[in-house]
Amino acid sequence: MQTNFSAAQLAEPHVADSEKILRKCVHCGFCTATCPTYVTLGNELDSPRGRIYLIKDMLENGRPADKEIVTHIDRCLSCLACMTTCPSGVNYMHLVDHARAHIQETYKRPLLDRMTRAMLAFVLPYPNRFRAALKLAGLGRPFIGLFERLPALKPVAAMLKLAPTSIPPASSLASPGTHAGKGARRGRVAILTGCAQSVLDPAINEATISLLTRLGVEVVVPEGEGCCGALVHHMGREDQALASARRNVDAWTPAIEQGGLDAIIITASGCGTTIKDYGFMLRLDPAYAEKAARVSALAKDVTEYLAALDLPEPVRKPGTVVAYHSACSMQHGQKVTRQPKELLAKAGFVVREPREGHLCCGSAGTYNILQPEISAKLRDRKVKNIEATGAEIVATGNIGCITQIASAAKLPVVHTIKLLDWAYGGPRP
Ligand code: SF4
Ligand code: SF4
């Protein structure tokens, strides 16, 4: 694609990076066929190619975001299916991240939208605040029907519908410290305890730590780590996202430098995609660029790490039929496609893949709150495809997908690691 940025515009590093991305797009439109919003809405401006044109026009003309571009960029799930499909290697992720930051800087949203976004950014990344908010959700539940009838309050209704009615207690295993591996030492890793997942389902990281240590891997829970920054990054809140990235780099760097790490283990693929991008996100910060690139290089989804471990035979062969849902951040963001299915099959599960596996379930961070209608359509389509497999259980590697699919599916939805832990001697999920 031909671009017309001035030399002064290209002196700004974010613009220069986006210009390189734009020039790679050859307008072929292959990406439209696999874009969930284009498939759902049928509007070119809700396709990757349409959004790329809108972003190009906004950046080239150096103008503030307007209602039209905000509408179509807000509808993008950042699922990155377009990056998997694109034959030209267009890095849509970095382009849309830049567009979102530009929108945040230059566009004034309606008051209720601003308040909803500010509240999500204030609550979700902080486990204590999130836990308190979930407890308060019970008070709002009787008003869901009323909120749903008022367009500006639909996100509040969506939030209340997604909030679980009970919250498990916080896990003691997630406290800072070191969990020694049993038997012959096979590695040393740090684990991201994260934010929302540690509140909604602390047993995911418990199963991870338990399985890894049984396999002889030492697991470090470093002091001071927290939310990876993905939730606010996708809302264009660049400063908050970079602050989270720096805090995590600071938390992991001592563990890397004093004793070494083979990997930083991540059990939520949405977080994994972001942490693998820390090197890019902090590339312009001389104090962090190198350390962040080192963290990104060490970041691994737990299934990536386990697949390289040469696991023993499982303790039990469950034989359960499992529908494996590959989260977008797993398959498109991290390109981890083979390992979770192979691990499940090796552990004795019968793995089935739902049709249209490339399409997002509609979770996408805060998307199911901010865009509840499109999200519900994608969720129902996903659940129909999953239920058509005839599986007894759904496995996936991202807490957002677990919450989203479980809100409509008749069968249980669990994290892949819980099934693996069970097969290798852990408790039944
Ligand atoms: S990230 Fe997903 S929703 Fe957004 S343009 Fe690409 S395919 Fe479409
Ligand atoms: S597939 Fe790639 S090159 Fe083709 S229109 Fe989409 S982003 Fe551009």
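Q: Is Asp310 buried or exposed, and how many other C-beta atoms lie within 10 Å?

A: This is a predicted model. Asp310 is exposed, because 8 other C-beta atoms lie within 10 Å and a residue with 12 or fewer is classed that way. Asp310 sits in the loop that runs between α19 (302-307) and β6 (321-324). The phi angle of Asp310 is near 60°, which is positive although the residue is not glycine.

Ser78 also has a positive phi without being glycine, with a value near 55°. Ser78 belongs to the loop between α5 (67-74) and α6. Ser78 counts as buried because it has 23 C-beta neighbours inside 10 Å, and the cut-off for that class is 20 or more.

Next, the ligand. The shell around ligand 1 consists of 13 residues, and the closest are Cys35, Pro48, Cys76, Cys79 and Cys82. At least two residues of this shell come from each of α3 (36-41), α4 (48-60) and α6 (81-85). By class, ten residues of the shell are nonpolar, two are polar and one is charged.

Last, a helix. Helix α9 covers residues 127-140, and its 14 residues should span 20 Å at 1.5 Å a residue; the end C-alpha atoms are 20 Å apart, so the two values agree. Pro127, Phe130 and Leu134 are buried in α9. An α-helix has 3.6 residues a turn, so residues three or four places apart point the same way. Among the elements that cover the buried residues of α9 are α8 (111-123) and α12 (196-200).

How values were computed
Residues are numbered from 1 along each chain as its sequence is written. Chains are lettered from A and ligands numbered from 1 in the order in which they are written. This is a predicted model: local features need pLDDT of at least 70, side-chain atom pairs count only at pLDDT 80 or more; totals for chains, interfaces and linings use all residues. A residue is near a molecule or strand if its C-beta atom, placed from the backbone, lies within 6 Å of it. Helices (H or I, at least four residues) and strands (E, at least two) are DSSP runs, numbered from the N terminus. Ala, Val, Leu, Ile, Met, Phe, Trp, Tyr, Cys and Pro count as nonpolar, Asp, Glu, Lys and Arg as charged, and the others, Gly among them, as polar. The expected span of a helix is 1.5 Å times one less than its number of residues. Two residues are in contact if their C-beta atoms, placed from the backbone, lie within 7 Å.
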